[in-house]
Amino acid sequence: GENVEQHPSTLSVQEGDSAVIKCTYSDSASNYFPWYKQELGKRPQLIIDIRSNVGEKKDQRIAVTLNKTAKHFSLHITETQPEDSAVYFCADTNMEYGNKLVFGAGTILRVKS
Amino acid sequence: SAVISQKPSRDICQRGTSLTIQCQVDSQVTMMFWYRQQPGQSLTLIATANQGSEATYESGFVIDKFPISRPNLTFSTLTVSNMSPEDSSIYLCSVSPGTYNYGYTFGSGTRLTVV
């Protein structure tokens with residue numbers, strides 16, 4: 001992808017509440033959209049991803065939605081827990097071409113107990 | 001997914017010197033990527049490394065400063081040359097298993113401090 005915008009830059013929620021992070025991409029050829037969680041001092045870890053032929057994907061408390069028309073995709077975390085506190089990055093790429101991931105700026109999520 | 005061993009995990013280097021970072025993957029992978037992550041920032045791609053060809057560098061990164069080797073499908077190195085304090089950052093390698101195989105994974109990172 002060419003550019004990925006991610007919002008908000010920081011997000012504080014109460015434990016048990018939901019958190020939503022949104023990304024907008026510019027490259028209409030993008031067809032793969034992963035989300036990474038990075039804890040302090042650690043490597044980014046893939047938590048969920050979605051391909052362009054799917055509108056929504058869920059994995060327990062985590063879900064990702066994709067709106068190809070609007071070029072938006074979002075990460076939804078329900079029933080947040082303190083261990084969800086981390087930096088979350090969205091990214092996009094086109095799997096048929098260069099395959100490089102382009103990352104959003106990141107969202108610092110703080111879950112208050 | 002592929003497992004990546006990256007080393008060194010951290011280093012403190014004198015300005016003007018060079019450091020070579022290594023990434024070893026436990027399986028053959030088509031593409032390897034080198035990223036820089038400055039403190040509190042996102043990941044910025046430095047270059048893409050394919051086996052048997054020269055690396056492709058992103059805007060703002062040049063081969064003389066960040067030479068890359070990719071001698072086989074499981075190994076790559078990134079050298080940070082003629083370092084200055086502005087090169088202090090975390091450097092990460094990442095792999096893509098293949099064009100239609102998803103699940104990019106990252107090495108554990110190298111925390112570089114230039115003094």
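User: How many helices and how many strands are there in chain B?

Analyst: This is a predicted model, and the assignment rests on its coordinates. Read along the sequence, chain B follows the pattern β-β-β-β-β-β-β-β-β-β-β. The count for chain B is therefore zero helices and eleven strands.

User: What is the radius of gyration of chain B, and what does the globule rule give for 115 residues?

Analyst: The C-alpha atoms of chain B fill a box of roughly 40 × 25 × 20 Å along the principal axes. For 115 residues the globule rule gives 13 Å, and the value for chain B is close to this, so chain B is as compact as a globular protein of that length. The radius of gyration of chain B is 13 Å.

User: What percentage of the residues in chain B are buried?

Analyst: A residue counts as buried when its relative accessible area is under 20%. Applied to the 115 residues of chain B, this gives a buried share of 51%.

User: Which pattern do the elements of chain A follow from the N terminus on?

Analyst: Chain A has zero helices and eleven strands. From the N terminus on, the elements run β-β-β-β-β-β-β-β-β-β-β.

User: Why does the radius of gyration of chain A agree with a compact globule?

Analyst: The C-alpha atoms of chain A fill a box of roughly 45 × 30 × 20 Å along the principal axes. Because chain A has 113 residues, a compact globule would have a radius of gyration near 13 Å. The value for chain A agrees, at 13 Å.

User: How much area do chain A and chain B bury between them?

Analyst: In the interface, 20 residues of chain A are in contact with 24 residues of chain B. Of the area buried there, 57% is on carbon and sulfur atoms. The area that the two chains bury between them is about 1800 Å².

User: Which side chains meet in a salt bridge across the interface?

Analyst: The rule finds one salt bridge across the interface of chain A and chain B.

User: Which elements give two or more residues to the side of chain A that touches chain B?

Analyst: The residues on this side of chain A divide into nine nonpolar, six polar and five charged. The elements that give two or more of the residues there are β4 (32-38) and β5 (45-51) of chain A.

Conventions:
Residues are numbered from 1 along each chain as its sequence is written. Chains are lettered from A and ligands numbered from 1 in the order in which they are written. This is a predicted model: local features need pLDDT of at least 70, side-chain atom pairs count only at pLDDT 80 or more; totals for chains, interfaces and linings use all residues. Side-chain values use heavy atoms; hydrogens and water are left out. Contact means heavy atoms within 4.5 Å. Buried area is the accessible area (1.4 Å probe) that two parts lose on being put together, summed over both. A salt bridge is a side-chain nitrogen of Lys or Arg within 4 Å of a carboxyl oxygen of Asp or Glu. Helices (H or I, at least four residues) and strands (E, at least two) are DSSP runs, numbered from the N terminus. Ala, Val, Leu, Ile, Met, Phe, Trp, Tyr, Cys and Pro count as nonpolar, Asp, Glu, Lys and Arg as charged, and the others, Gly among them, as polar. The radius of gyration is taken over C-alpha atoms; the globule rule is 2.2 Å times the number of residues to the power 0.38. Buried means under 20% relative accessible area, exposed over 50%, partly exposed in between (1.4 Å probe, protein chains only).
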